[in-house]
Amino acid sequence: MRSESRCVLSATATRSRKTRFTLASELRFAAAASHVHVRKAPKTTNRPDEWMIEQGMSGAVVPALDMRSGTTVKLPVQTFGELTKDEEAIRTMGHRDKLFAAERKGWKGFVEWGDAPEKREAAHIILTAQTFPPNPEYQFKPIPPTNPVLPGTRWKMWHHAIGSELTDAPSDSWELVGKEKHPDMLHLLQFPYIAEPPKHLVTEDLMTPNSLHFVRNHGGIPVIDKEHYSFQLDGLVAHPQSFTLDDLKDESRFPRMEKTVAMQCSDTRRIEQMLKNPGQGGEVPQAPWAEGAIGCAHYVGISLKKVIKACGGLDNKPMNYVASVSWSKVKASEVMLAWDMNGQGLPRIHGYPLRIMVFGYIGARCAIARPSRAPMQSQEYLYFPQQTGKHNLKFTDGIQIQETPVSSAIMSPWTKQVVLHHGTIRCQRWAYSGGGHWSQSVELSNDGGFNWYAAPEANLSKKHNPLNTQLPEVRTAWNWGLHVTSSCHRIMVYSVNASRPATQKRLNEFETKGIPFAPVMVPLAFPPQTESEYEEYWKEHDPRDAEDG
Ligand SMILES: Nc1nc2c(c(=O)[nH]1)N[C@H]1C(S)=C(S)[C@@H](COP(=O)(O)O)O[C@H]1N2
Ligand SMILES: [Mo]
C-alpha cells in the first residue's frame, strides 16, 4: 500500500499542490480502512506516555542509559512506595501538645528550633518515622494551570505531623493572604506562601504597593502581638540585650533612617532557567518564579549598626545569620531594622512587627537574625558552577549568594503574543543593575541580541554607580540552584506590521468578516487567495520543474 501511494504521488508531482494533497489524504484513508479489516492490532510494549517520554516532556521517567559496558542498558528510575507511619516511634516522643506548646506570650505559631536541640531531635524523629507523598510539584509533572499554582501539600503535612503550635500555620497563613494581599496576586505556592504580582501590575508604578509586593515565605507566619515583641541582639556583641519596639523607636537613642529599597529574591526569573532543566536545590520545587519577584518600597527604621553600638559593639565571638552579611555592610549603615513599609506599618506577611532590610543583597538576607536559619545560607542560596555534575555537588563548592544580580525583564508584550503595529512595538519593562545600583543604560534588541537600541534617558530613573552588564543567554549562567537569573530577558512575539500594504489589506479582511486575528496557530479562517486567483497564477507562471528525460 505504501509503495503504491509513493508511486501515485510521484506521478502527480508536476500537478498543482492542491490536487496532490487530495490524493494523499484519500490514500491514507484507504490504508486505514484496510488495516482495520485485515489485521488485528498486535499487543504494544509501549507505555501510554511513550511519545512524551521520547520527546523529553516527562523528564522524571526517562531511564538513564548505562554505556559503561559494550552494550547500552536502560536503567530503572526511582519510584516511590506506599506511605508508611511508625506510630510506636512517634508515641515514644511523648505528647506533641507538650513538646511543641506555645513558647512566648503573644506569639502564635512560633517554635524556636535553633536554641532547642532536644525539641529539634524530637521533631526529626516524628518526621522521619513516617513518609510523605513524593514531590508532586513541577519537577515531576507539568505546572498546573491553577491559582494557587502549587498547593504545598508536603509542607502542610509536615506542619500537621508536628501538630500543636504549628497545626494552624497553613490555614493562618492563607487567611492572612486574603487580608493583606491584592486579589490579583499570582500565588505560586499556597504554603509556605509564595506569590508575585501579574506582569501588568509590576510596572504600573515605580513604588510597589504593599499588597502587591512579592512574598517569599519559608514557613508559617507567626502571629505576633507587638506588646510582646522584643528584639534580641546576642551572640556577636559585647553586651547582649533585648529591645522592645518602643526602645528601638526611641529617637533619643536611635536616629531614624528612611530608605527606598528595591528587593528581589535570588530566584527571580527562575522560570527561564527551569525551562532548560528543573535543577536542584531545596527551594526549587517550591518557587517557579517569573519576573514579578521584585518590589520597590519605602522603609522606615533604624540602622543595625546603632543597635550593635548600644550593645557595646562587636565582640570577637563567632557570628550567626547576620554575620553572613559582611560587617562592612553593617558599618556602612546598609543594614536596617525596619518597622514601616510605604507608610503603612509592616504587614504581617512581610515580617511584622520588625524585619531586617539589607540594601542591594538578595531578599534571603532580609530576615531577622536567627541561628536556625544558617543552613539557608550555607546549603540553599548557593551558586553552583555548572561544569560540576549534580551528583558531585558539595555545599562547599557553592558560592554563597549575597548581592542581587543585574537583571531586567520585559513585562509587555508576552511571549507568543501577537502584536499588531505600524512599525513600532511598545515594550514595558523593569531594569535593575544589581547590588543596590541603579541602571546606567537600558537597551532593547529586536533581532535576538545583535543590535541594541538604548531607551531614552528621559525614561530612566535616577542612578547610582552601575557597572554590571547582562549576559545574552540564560544558558550562559544556568546553575543547579536556578538562582540569580541575570541574562537578557527574551520574549518571542508574532509581529504583524500594518505599515505593509499587504498586511493591512489582510487585516481589513479579518475585520470585515468579524473574525479575531489571533491566535495565529489555528488553520486559516478563510483562504488567502481565491480559487480563480490561484488558477490565474499558474497560467502565468512556470512551475520550474525540469523536463523529464
Ligand atoms: N523570617 C523570614 N525572613 C525571610 C524569609 C523567611 O522565609 N522568613 N524569606 C527571605 C527571602 S528568601 C526573601 S526573597 C525575602 C522576601 O521578603 P518578602 O516576603 O517580605 O517580600 O524575605 C527573606 N526573609
Ligand atoms: Mo528569596
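**Exercise 1. The whole chain**

What share of the 549 residues in the chain do buried residues make up? Then describe the secondary structure, contacts and surface.

*Solution.* The model is predicted: local features need pLDDT of at least 70, side-chain atom pairs count only at pLDDT 80 or more, and totals for chains, interfaces and linings use all residues. Residues are numbered from 1 along each chain as its sequence is written, chains are lettered from A and ligands numbered from 1 in the order written, and side-chain values use heavy atoms, without hydrogens and water.

- Step 1. Buried residues make up 38% of the chain. Buried means under 20% relative accessible area, exposed over 50%, partly exposed in between (1.4 Å probe, protein chains only).
- Step 2. The chain holds 16 helices and 21 strands. These are DSSP runs, numbered from the N terminus: helices are H or I with at least four residues, strands E with at least two.
- Step 3. Residues 24 or more positions apart account for 66% of them.
- Step 4. The accessible surface (Shrake-Rupley, 1.4 Å probe; for residues, only the protein chains shown count as cover) is about 32400 Å². Carbon and sulfur atoms supply 54% of this surface.

**Exercise 2. Helix H8**

Work out how the buried residues of H8 are arranged and what they pack against.

*Solution.* 

- Step 1. H8 spans residues 169-180, twelve in number. From first C-alpha to last it reaches 16 Å, close to the expected 16 Å. The expected span is 1.5 Å times one less than the number of residues.
- Step 2. Ala169, Pro170, Ser173, Leu176 and Val177 are buried. Down the axis of H8, the buried residues fall within an arc of 125°, so they line one face. The arc uses directions from the helix axis to the C-beta atoms.
- Step 3. Gly178 and Lys179, on the other side of H8, are exposed.
- Step 4. The buried residues of H8 pack against helix H7 (153-162) and strand S4 (186-189).

**Exercise 3. Ligand 1**

*Solution.* 

- Step 1. For a polar side-chain atom of His213, the distance to an oxygen atom of ligand 1 is 3.4 Å.
- Step 2. Alone, ligand 1 exposes 530 Å², and the protein buries 86% of that.

Note on methods:
Contact means heavy atoms within 4.5 Å. A polar contact is a pair of N or O atoms within 3.5 Å; within protein, one must be able to donate a hydrogen and the other to accept it, and residues adjacent in sequence count only if both atoms are side-chain atoms.
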